[in-house]
Amino acid sequence: MPIRNSIDRWGSLSIGLHWLTVVMILSLVTVGFVMSDLPNTPFKRDVYLLHKSFGLTVLALTALRLLWRVLQPTPALPESMPTSQRWAARLGHAGLYGLMLAIPASGWLYNWASNFATPWFGFTLLARAGAVDRELKATAQLAHEWGVYALLALLLTHAGAAFWHHYKLRDNTLVRMTPWMKSRS
Amino acid sequence: MKLSIGAAAALAITASAWAATSAPTASATAAPAAAVAAPKSAAQWTTAADSTLSFSTSYDGEDFSGGFKQFTADLRFDPQNLPGSRFDVLIQLGSANTENEERDETLLGSEFFNAIAAPQARYTATRFRKLADGRFVAEGTLSLRGLSKPVPLTFSWAPGASPTLVGSAAVNRLDFNVGTGDWDDVEVMPNAVKVETRLSLQPKR
């Protein structure tokens, strides 16, 4: 399989980054929901550090994916797809990319406004601010949490549409991203 | 013969014991008066609002520091009257501020200051000595989390109508069970915490 995309299929880089992001996001969301309830121990601090490190990784990888998408051809939507659905698809994907940037970015702001340094797997990317910014902290926290709810809703729609294409329309849309499955048509 | 010597000895011992208990004035006149009289109290001071009491340490290689916003210091101090000097400082642990709300919450919790159960720490000193470089040492006691341990405070005294006291001490946090259990790893958070104070003083009226 080629690394680069073509007009009718995703390359291995796009596929790899897609699924790597899926695994990371599902882990981040799960840990994110439970970590604030952990008892106050050094372990809780380590969990938070990992959450922030992986979150920043998703931010960076998404930026790279977007760049790749601009530089590379994107496989065409099925010919038979009506215009309204094309716009729904474009909006849905734009929404996913937007949230995959906005959620870690708001998390980063939440961290910054709380006067924490920016961590990345044992490194410090950015020193702490010096003081707490209560308003920014509250706003960023809200944006971070509600962003996740919106993402979960979009993810359900995204997966649902993929299954619709595969099981109802019986086209290659899903298989293009899951090449281990048998090809349609 | 032996009997009479023994009897004489017993009589002598009894007699001197009787003399000691029934003649208290004799011993008073024999001893120097200075050891019995109390020292005159040194000048009393209160702290002005810009006084600070802070602590600094590090966690996992990252330095951090904080201050106690609320503390009251009742000081009697005169460099010429160290025996009459006294420090009595009450520290409201709940006023600790390290510019990080999550860390402050942990600090007030039961693993660290345990501020709800024991809201105050207290530092008292009645013995002082002068160092060769002109500074002083208060040989004081810190009471924290129900434990009292000696903590010397080394300080400079800038005299005048509004004196300034600048001092520092090293407090071993584990001596007071601050940061126990999962937090007791001194490789991650050192045992010795540096405490610093800068007190702007006014005469107490």
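Predicted model: local features only at pLDDT ≥ 70, side-chain atom pairs only at ≥ 80, totals over all residues.
Let me start with Leu93 of chain B, which sits in the loop between β5 (86–92) and β6 (96–97) of that chain, where strands, like helices, are DSSP runs numbered from the N terminus, a strand being E over at least two residues and a helix H or I over at least four. Residues are numbered from 1 along each chain as its sequence is written, and chains are lettered from A and ligands numbered from 1 in the order in which they are written.

Is Leu93(B) buried or exposed? Leu93(B) is buried, because 21 other C-beta atoms lie within 10 Å; buried requires 20 or more such atoms within 10 Å, exposed 12 or fewer, and partly exposed lies in between, with C-beta atoms placed from the backbone. Leaving aside residues up to four places away in sequence, Leu93(B) touches Leu108(B), Phe113(B), Ala115(B), Pro119(B), Gln120(B) and Ala121(B), where contact means C-beta atoms, placed from the backbone, within 7 Å.

Now to the strands of chain B, where pairing requires that DSSP finds at least two bridges between two strands. Strand β9 (residues 136–144) of chain B runs antiparallel to β7 (residues 120–125) of chain B, with three bridges, and there Arg122(B) has Ser143(B) as its bridge partner. Three bridges also join β9(B) to β8 (residues 128–130) of chain B, again antiparallel, with Arg129(B) opposite Val137(B). These two strands, β8(B) and β9(B), form a hairpin with five residues between them, and Gly134(B) in the turn has a positive phi of about 95 degrees. On to β10 (residues 147–158) of chain B, which is antiparallel to β9(B) and joined to it by nine bridges, Phe136(B) standing opposite Phe155(B).

In chain A, the axes of helix α3 (residues 83–113) and helix α4 (residues 134–168) come within 8 Å and cross at roughly 155 degrees, the axes being lines fitted to C-alpha atoms over the stretch in contact, with angles running from 0 to 180 degrees between N-to-C directions. That angle is why α3(A) is roughly antiparallel to α4(A), since angles over 145 degrees count as roughly antiparallel, under 35 as roughly parallel, 65 to 115 as roughly perpendicular and the rest as oblique.

Finally, between the chains, eight residues of chain A are in contact with ten residues of chain B.

Technical notes
Contact = placed C-beta atoms within 7 Å.
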